[in-house]
Amino acid sequence: MGRTIAVFNQKGGVGKTTTVVNAAAALGLLKKKVLVVDMDPQGNTTSAFGKKDPEDRPTTYEWLIGEAELEDTAVDTEPNVRLVPANANLAGLEIELAMEPDRESVLWERLGEQADYDFVFLDCPPSLGLLSLNALTAADSVLIPIQTEYYALEGVSQLMRTIQLVQKDLNTDLEVEGVLLTMYDRRNNLALDVVEEVKKHFGKKVYKTAIPRNIRLAEAPSYGESAMQFDKSSKGAQAYAALAKEMIKRRKS
Ligand SMILES: Nc1ncnc2c1ncn2[C@@H]1O[C@H](COP(=O)(O)OP(=O)(O)OP(=O)(O)O)[C@@H](O)[C@H]1O
Ligand SMILES: [Mg+2]
């Protein structure tokens with residue numbers, strides 16, 4: 001059975017999208033079948049995979065409101081990776097859903113059990129709104145990227161409160177898949193302190209693999225490819241390849 005993982009941190013710019021795109025691509029290269037659902041109206045995951053604002057085809061929005069089926073919405077991207085693309089239309093969904101009784105479980109209902117995929121990634125927007133709540137309700141687990149910086153743990157208590165609320169009311173089985181340190185800079189003395197602090201807080205949930213700050217990871221999206229395709233030998237791509245292996249290993253143990 002596939003594992004549905006929401007990549008979530010309400011803090012902006014911590015590496016959620018970069019992680020979704022490259023972890024998905026790396027798992028695909030390891031022959032895992034991966035579905036990526038772009039749940040962010042910014043559509044960053046969509047453009048990172050070279051699918052510009054898909055106005056002429058259904059998106060996450062049409063799929064979630066029942067105007068399109070998953071098979072007609074998902075597009076092929078990189079080896080073994082399919083994408084449900086998003087554009088700004090998705091922002092409207094939060095407002096449209098606001099009055100619905102089952103507003104947090106629309107994605108869960110639409111997604112169902114995905115037997116065809118080994119991993120389903122949900123890229124969340126940087127907010128605690130309904131789109132993120134839908135992702136956390138539909139997910140088996142949440143992967144939390146944390147930027148390795150001085151204020152790393154700022155916002156983490158709110159994040160954990162949100163996860164606990166979801167566990168209490170919406171999705172009792174939701175687990176923490178793992179905590180990923182991103183934009184790690186070895187030359188920065190502070191980085192080691194931050195790593196220790198995050199480990200103290202999350203213990204074994206912290207992945208051994210930390211993602212370094214690497215320019216190729218930032219450049220790849222403008223070429224419409226993951227770093228795994230754009231520059232497989234870069235430090236960034238290699239780190240995501242290591243993460244993919246670690247994720248598979250964790251699932252087996
Ligand atoms: N390891 C890294 N090294 C260098 N640049 C990175 C790295 N990770 C992410 N970036 C860059 O930092 C910016 C923010 O990353 P990203 O878009 O993945 O964050 P996000 O959490 O998805 O943001 P948002 O909250 O807006 O959705 C992007 O420009 C991205 O290319
Ligand atoms: Mg993003």
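This is a predicted model: local features need pLDDT of at least 70, side-chain atom pairs count only at pLDDT 80 or more; totals for chains, interfaces and linings use all residues.
Phe119 is buried, since its relative accessibility is 5% (buried means under 20% relative accessible area, exposed over 50%, partly exposed in between; 1.4 Å probe, protein chains only). Residues are numbered from 1 along each chain as written, chains are lettered from A and ligands numbered from 1 in written order, and side-chain values use heavy atoms, without hydrogens and water.

**Aromatic pairs**
- The count is two aromatic pairs (ring centres of Phe, Tyr or Trp, the latter by its six-membered ring, within 6.5 Å; planes under 30 degrees apart are stacked, over 60 edge-to-face, the rest tilted).
- Phe119 and Phe121 are stacked because their centres lie 6.3 Å apart with planes at 15 degrees.
- Tyr223 and Phe230 also stack, with centres 4.6 Å apart and planes at 25 degrees.
- Tyr223 is exposed at 56%.

**Salt bridges**
- The structure holds 11 salt bridges (a side-chain nitrogen of Lys or Arg within 4 Å of a carboxyl oxygen of Asp or Glu).
- Arg3 pairs with Glu177 at 2.8 Å between the closest N and O atoms.
- That pair links strand S1 (residues 3-7) to strand S7 (residues 175-182), 174 residues apart (strands are DSSP runs of E, at least two residues; helices are runs of H or I, at least four; both are numbered from the N terminus).
- Arg3 is buried at 13%, and Glu177 is buried at 3%.
- Glu177 also bridges to Arg251 at 2.7 Å, N to O.
- Arg251 sits in helix H12 (residues 235-252), so this pair ties strand S7 to a part 74 residues away in sequence.
- Shared partners join Arg3, Glu175, Glu177 and Arg251 into one network.
- Arg82 bridges to Asp76 at 2.9 Å between the closest N and O atoms.
- Arg82 is partly exposed at 25%, whereas Asp76 is exposed at 53%.

**Ligand 1**
- Of the 18 residues around ligand 1, Lys16, Thr17, Thr18, Pro212 and Asn214 come nearest (a heavy atom within 4 Å).
- An oxygen atom of ligand 1 lies 2.8 Å from a polar backbone atom of Thr17.
- For a polar backbone atom of Gly13, the distance to a ligand 1 oxygen is 3.0 Å.

Methods
A polar contact is a pair of N or O atoms within 3.5 Å; within protein, one must be able to donate a hydrogen and the other to accept it, and residues adjacent in sequence count only if both atoms are side-chain atoms.
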